[in-house]
Amino acid sequence: MVGQRPDVATARDLALDYDFGERASKLRSRLREMIAAEIPAGYLGAFTDDPADLHIAQHFCRRLAEEGLLTVSWPEEYGGGGGSVWEQTVVREEMWSHHEPRGAQYMGLNWVGPAIMAFGTDAQKQRFLPPIAAGEVIWCQGFSEPDAGSDLASLTTRAEPDGEGLRITGQKIWTSYAEMAQWCVLAARVGVPGANGAKKHEGITIFLVPMNREGITVRPIRSMLGPHHLNECFFDSVPVEADEVLGGVGQGWNVIRRALAHERVGIARYARCDRLMSQYTGKADGWRALPAGLRQQWVRALVQIRVARLLAYRAVAEQEAGQPRDATASVARLAVTQCDQQVAELLFQAIEDRSLEGSDTGVESKAAPNPAGSSTAAIPERPPFTDKPLSVKGGRQRSHAFLDGAIEDHWRYAQAATVAAGTIEIQRMIVARALLGTRSS
Amino acid sequence: MNLELPDEAVQFGATAEKALTALGGVDLARDAEREREPDIRLAKVGNAIDSLGADQLDPRVDIETAAAAGELCRVAGRLAIPYPVVAVLLRDPVDLLPFALVPDDRCRADHGDLFSEWRVAAPGGQQAVAMPVGSRFGSKLGPFVTDLTPTGEWQGTAPGDVALHLTLTSWRILGTTERSLELAIDHVGERVQFGQPLSAFQAVQFQLADAAVGTDGLRELCHFTLWRLFADPDAGLADALALRLHAVDTARAVLRTSQQLHGAAGLCDEYDVSVLARHVQPDLRLPFGSERTSAELVEAVSRLGFASLFPQGGLDP
């Protein structure tokens, strides 16, 4: 199958054809090789209490950039690989299944860069795109506010004229990676909402703001997701210049819609479910140790993962055809996020009370904290990542702890799946409106 | 990657739906249920399906033909066509006997009374020739189900036919599922309560959305599974069982939603959704229902593995 059968030449000419093709299959193989070589065992993402994990992600981004794989999905005119939507899908699947070794940079690569390509001035493109392509910069997204979550168009952060420029005042919330980001894509309102009969999304403007600018304060929010994921950002009369507007004053809603549409199919959550289940049953006693009742749930979950993946592929196919439908992306997101949570619960049942031990893999980093380290800096010495069966000889062996930790980490993250990037209630509304042939007012 | 069905298959399905709708659509099921003789099913429906060219379709040949067969099965499900379309499509190429999957302990098939001889296979894989015993059940949920009895020895069967039968039956279930959702959408748009259409209520909208996710997912899985049967036939049984499991679970959920949104009307045979919900039951229960399907899938995944992004199953020697 996909990713495992690069030699399915006989299937290439079939009318229905789910083979990704040779280029995408080679890409998948190369990404797995690089992950195996560069990412240590026990890596569960860049946002742990161990600063070395951020360093690992930054290093990996630079390695990808060196091989031209960081921007494989970008158009060639912007220095990218001009990869097809299916190659982009391969990247999403491999990155998410391996705990997103690009760390926070996926946001800049997946949608900030493409949004700047679509809406930015030539000067903005020249300034912002090369650092993203080189794997050197982290962006965060300042959209949600305490009183503007699903109803994002109600945001109240305001940008008011001040001489030649503007000053931004307001509060953002749920801002991932704000503590480590160098730049923020910030949504703020220019003018009075609803003035002169304007709709509330009119006036919203996107600003590209450096996070070290005076007047910005970041406060971490403690959560079950762990450190660095959720933050509050306070903007106290932060000065911005006219050339820091993306897409024109009052045109921010178009940028946001593009960003949210990308996010809906952006995370291949099914791929991590797939890999964790494979790792679990790949253990010497993994499958046989499962109670019979759990085995039936297990195969149902395998089917669910397959269906979620296929629905995501449908959204990708519409994207390829140049006719993406909001409802298709929402259907995919509903399936993928709920699958994520159900698989998380199933894996928790499999590891039973070991789920309470936490995601600490028990491996001590030997590298000094160095989030801004260069590509030549030493990375932590940990065992290489492996998809080979993990042996369990009794007790809480290290290899066992890796997987238990990954499962525990997955469960916590999965709880956010149905909320992040638009709740599933919003997705249901989008789907229902499409079904009923009505339009959002 | 190509997620689309061949144009010929899509056109064939559209032609079939137009012809069968003109012949009576769901009323064919109502009429056939009232008739004690099989004339409507054989003479009217059977001839109509043959005249569409179904008797020339062998879904074993290639994926294009299989897709056309799948579309015919889907259309049959949409209209609750009272005819064993899957069994006839998988008729034996030599003796032309229709093919049915039957339970281990009871040999029975939907529309078993229509043909004097059948080729039947049990889930274990053995097959036999069988003949009908007595008349059709005439029950609400199995109006055309008929007991059969083997006339000879049980022998080995072609696994590909078992996988294709499970797959094409799932396409038929897909048709019933998607049509029931369409009927529910129509109904909630027309039915006014508390001064507004039922579709204005968010609780109703959310049920429709969840049903659409189920139906869309089942459609994608039907397409994918057909491809898998030709791309990797050795693992076909696991793929077909996975599809059947999802088809049965999805159909039960979506039909329940569709009937519920119809209110009491959903229980009345004047409304198509009621006929669809009753007549799909043999497809959901024969040769086995959801739980047994998942047990069979566990065994198949253990033995054959399960194609995915990472290795799954395939652990038993």
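Helices here are DSSP runs of H or I at least four residues long, strands are runs of E at least two residues long, and both are numbered from the N terminus. By that count, A:Ser359 sits in the loop between helix 9 (326-351) and helix 10 (398-414) of chain A. The model is predicted.

**Chain A overall**
- Chain A contains eleven helices and eight strands.
- Of its 441 residues, 49% are buried.
- Take the contacts in chain A with a separation of 6 or more: 73% of them join residues 24 or more positions apart.
- Chain A splits into domain 1 (9-138), domain 2 (141-252) and domain 3 (259-380 + 388-436).
- Domain 2 of chain A gives four residues to its contact with domain 3 of chain A, and domain 3 gives eight.
- On the domain 2 side of that contact, three residues are nonpolar, one is polar and none is charged.

**Where chain B meets chain A**
- Chain B puts 44 residues into the contact, and chain A puts in 46.
- On the chain B side, two or more residues come from each of helix 4 (63-78), helix 6 (159-190), helix 7 (202-231), helix 8 (236-262) and helix 11 (290-304) of chain B.
- Helix 7 of chain B supplies the largest share of that side, with 16 residues.
- By class, the chain B side has 30 nonpolar, eleven polar and three charged residues.

**Helix packing in chain B**
- Two packed helices are described by the angle between their axes and the distance between the axes.
- For helix 6 and helix 8 of chain B, the axes come within 8 Å and cross at roughly 20 degrees.
- Helix 6 of chain B is therefore roughly parallel to helix 8 of chain B, because angles under 35 degrees count as roughly parallel.
- The crossing of helix 6 of chain B past helix 8 of chain B is left-handed.
- Residues in the contact between helix 6 and helix 8 of chain B comprise 19 nonpolar, twelve polar and one charged.
- Helix 2 (residues 27-34) and helix 3 (residues 39-51) of chain B have axes that come within 9 Å and cross at roughly 145 degrees.
- Helix 2 of chain B makes this contact through B:Leu28, B:Asp31 and B:Ala32, and helix 3 of chain B through B:Ile40, B:Arg41 and B:Val45.
- Four residues of the contact between helix 2 and helix 3 of chain B are nonpolar, none is polar and two are charged.

- A:Ser359 is buried, with 21 other C-beta atoms within 10 Å; the label applies because the cut-off for buried is 20 or more.
- Leaving out neighbours within four places in sequence, A:Ser359 contacts A:Leu44, A:Gly405, A:Glu408 and A:Asp409.
- A:Gly405 is 46 residues from A:Ser359 along the chain, yet the C-alpha atoms of the two are separated by 3.6 Å.
- A:Met224 lies in the loop between strand 6 (216-220) and strand 7 (231-240) of chain A.
- A:Met224 is exposed, with 11 other C-beta atoms within 10 Å; the label applies because 12 or fewer counts as exposed.
- A:Met224 touches A:Arg412 and A:Gln415, setting aside residues up to four places away in sequence.
- A:Gly250 is 26 residues from A:Met224 along the chain, and their C-alpha atoms are separated by 36 Å.

**Backbone exceptions**
- Most residues other than glycine have a negative phi, and most peptide bonds are trans.
- A:Glu100 has a positive phi, near 45 degrees, although this residue is not glycine.
- A:Glu100 falls in the loop between helix 3 (85-97) and helix 4 (105-119) of chain A.
- A:Glu100 is buried, with 22 other C-beta atoms within 10 Å.
- A:Tyr177 also has a positive phi, near 65 degrees, and is a residue other than glycine.
- A:Tyr177 is placed in the loop between strand 3 (165-173) and strand 4 (183-189) of chain A.
- A:Tyr177 counts as buried, with 24 C-beta neighbours inside 10 Å.
- In chain B, the peptide bond joining B:Leu286 and B:Pro287 is cis, with omega about 0 degrees.
- B:Pro287 lies in the loop between helix 10 (281-285) and helix 11 of chain B.

Terms used
Residues are numbered from 1 along each chain as its sequence is written. Chains are lettered from A and ligands numbered from 1 in the order in which they are written. This is a predicted model: local features need pLDDT of at least 70, side-chain atom pairs count only at pLDDT 80 or more; totals for chains, interfaces and linings use all residues. Two residues are in contact if their C-beta atoms, placed from the backbone, lie within 7 Å. Ala, Val, Leu, Ile, Met, Phe, Trp, Tyr, Cys and Pro count as nonpolar, Asp, Glu, Lys and Arg as charged, and the others, Gly among them, as polar. Domain bounds come from an automatic or database domain assignment. Axes are lines fitted to C-alpha atoms, for helices over the stretch in contact, and angles run from 0 to 180 degrees between N-to-C directions. Angles under 35 degrees count as roughly parallel, over 145 as roughly antiparallel, 65 to 115 as roughly perpendicular and the rest as oblique. A crossing is left-handed if the near helix is turned anticlockwise from the far one by less than a right angle, and right-handed if clockwise.
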